[in-house]
Amino acid sequence: MYTNFAELPPSARIWIYQASRDFTEVEKIKLEDWLTSFVSRWQSHGAELTGSFKILYDRFIIMGVDTRTNMPSGCSIDRSVAALKEIEQTLNISLFDRTQIAFLEEGGQISTHPMQQIKSLIEEGKIDGEAITFNNLADTKEKLEAEWLVSAKNSWMKRYFAQRQTA
């Protein structure tokens, strides 16, 4: 059963998918139709799931399930992944590349850098500790709201800033 994302409780289980580029306005309309249709019939072992989604910064799809009603199963999660893979193919976009690290720039724009370049970008001063990055491992709505946007120095990148200070 589809519900408004705002109505999901803080404990709702979420999955964050980062796109390889911004969605166009036309793509966002298609995404909303596809995802509303998918979530409306999303089930776990025949039991209806109460779920939702949100598109943020024209770059992220957040899928959510209210675990108070029914728990998502491995099969139901696999179905959501299959739906997103279909979206990937249709839009010619990547949603599963975890090697691209996103940063929030001024004006709400998103920039990405390959994970293997992060250390050198920090060493060169091109990414500072105050740079805002995304913790795409947040797994509840509560964590999305509290821990998704984080300064680089408070993320997994903190070790590179510590190395830079001692060098």
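**Entry 1. Burial**

I count a residue as buried when its relative accessible area is under 20%, as exposed when it is over 50%, and as partly exposed in between. I work on a predicted model throughout. I looked up Phe53 against that cut-off: its relative accessibility is 8%, so Phe53 is buried. Tyr2 has a relative accessible area of 34% and is therefore partly exposed. For the protein chain as a whole I noted that buried residues make up 44% of the 167 residues.

**Entry 2. Overall layout**

I listed the secondary structure of the protein chain and found five helices and nine strands. Along the sequence I read the pattern β-α-β-β-β-β-α-β-β-α-β-α-β-α. The box I noted for the C-alpha atoms, along the principal axes, is roughly 55 × 30 × 25 Å. I also checked the contacts with a separation of 6 or more: 66% of them are between residues 24 or more positions apart.

Which order do the strands of the three-stranded sheet take? I read 1-5-4, in an open sheet with antiparallel pairing. Strand 1 and strand 4 each have a single partner strand, so one side of each has no neighbour in the sheet. On average, neighbouring strands here are turned by 15° against each other, direction ignored.

I then went through the pairing of strand 4 with strand 5. The two run antiparallel and are joined by six bridges. Within this pairing, Leu56 has Phe60 of strand 5 as its bridge partner.

Two helices lie across strands of this sheet. Helix 1, residues 25-40, lies across strand 4 and strand 5 and runs at about 165° to strand 4. Helix 2 lies across strand 1 and strand 5, and its angle to strand 1 is about 25°.

For strand 6, residues 100-104, I noted five bridges to strand 7, with the two strands antiparallel. Ala102 stands opposite Thr112 of strand 7.

**Entry 3. Aromatic pairs**

How many aromatic pairs does the structure hold? I noted ten. Tyr2 and Phe53 are one of them: their centres are 6.0 Å apart, the planes are at 50°, and the pair is tilted. Tyr2 is in the segment before strand 1 (13-18) and Phe53 is in strand 4 (residues 51-56), so the pair ties together parts 51 residues apart in sequence.

Next I looked up Phe60 and Trp148. Their ring centres are 5.0 Å apart and the planes stand at 85°; because edge-to-face requires over 60 degrees, the pair falls in that class. Phe60 lies in strand 5 and Trp148 in the loop between helix 4 (141-147) and strand 9, so this pair ties together parts 88 residues apart in sequence. Phe60 and Trp148 are both buried. Ring pairs also link them with Tyr57 and Phe134 into a cluster.

One charge over a ring went into the notes as well: Lys85 lies over the face of Phe96, at 4.3 Å from the ring centre.

Where is Ser73 found? I located Ser73 in the loop between strand 5 (60-65) and helix 2 (74-91). Its relative accessibility is 10%, so Ser73 counts as buried. The side chain of Ser73 makes a polar contact of 3.2 Å with the side chain of Ser44. Leaving out residues up to four places away in sequence, Ser73 touches Ser44 and His45.

Ser76 is in helix 2. Is Ser76 buried or exposed? At 0% relative accessibility, Ser76 is buried. The side chain of Ser76 reaches the backbone nitrogen of Ser73 at 2.7 Å. With residues up to four places away left out, Ser76 touches Trp42, Gln43, Ser44 and Leu49.

Terms used. Residues numbered from 1 in each chain as written. Predicted model: local features only at pLDDT ≥ 70, side-chain atom pairs only at ≥ 80, totals over all residues. Heavy atoms only, no water. Pairing = 2+ DSSP bridges. Helix = DSSP H or I, 4+ residues; strand = E, 2+ residues; numbered from the N terminus. Buried < 20%, exposed > 50% of the residue type's maximum accessible area, 1.4 Å probe, protein only. Polar contact = N/O pair within 3.5 Å; in protein donor to acceptor, adjacent residues only side chain to side chain. Contact = heavy atoms within 4.5 Å. Phe/Tyr/Trp six-rings, centres within 6.5 Å; stacked < 30°, edge-to-face > 60°. Lys NZ or Arg CZ within 6 Å of the ring centre and 35° of its normal. Axes fitted to C-alpha atoms, helices over the stretch in contact; angles between N-to-C directions.
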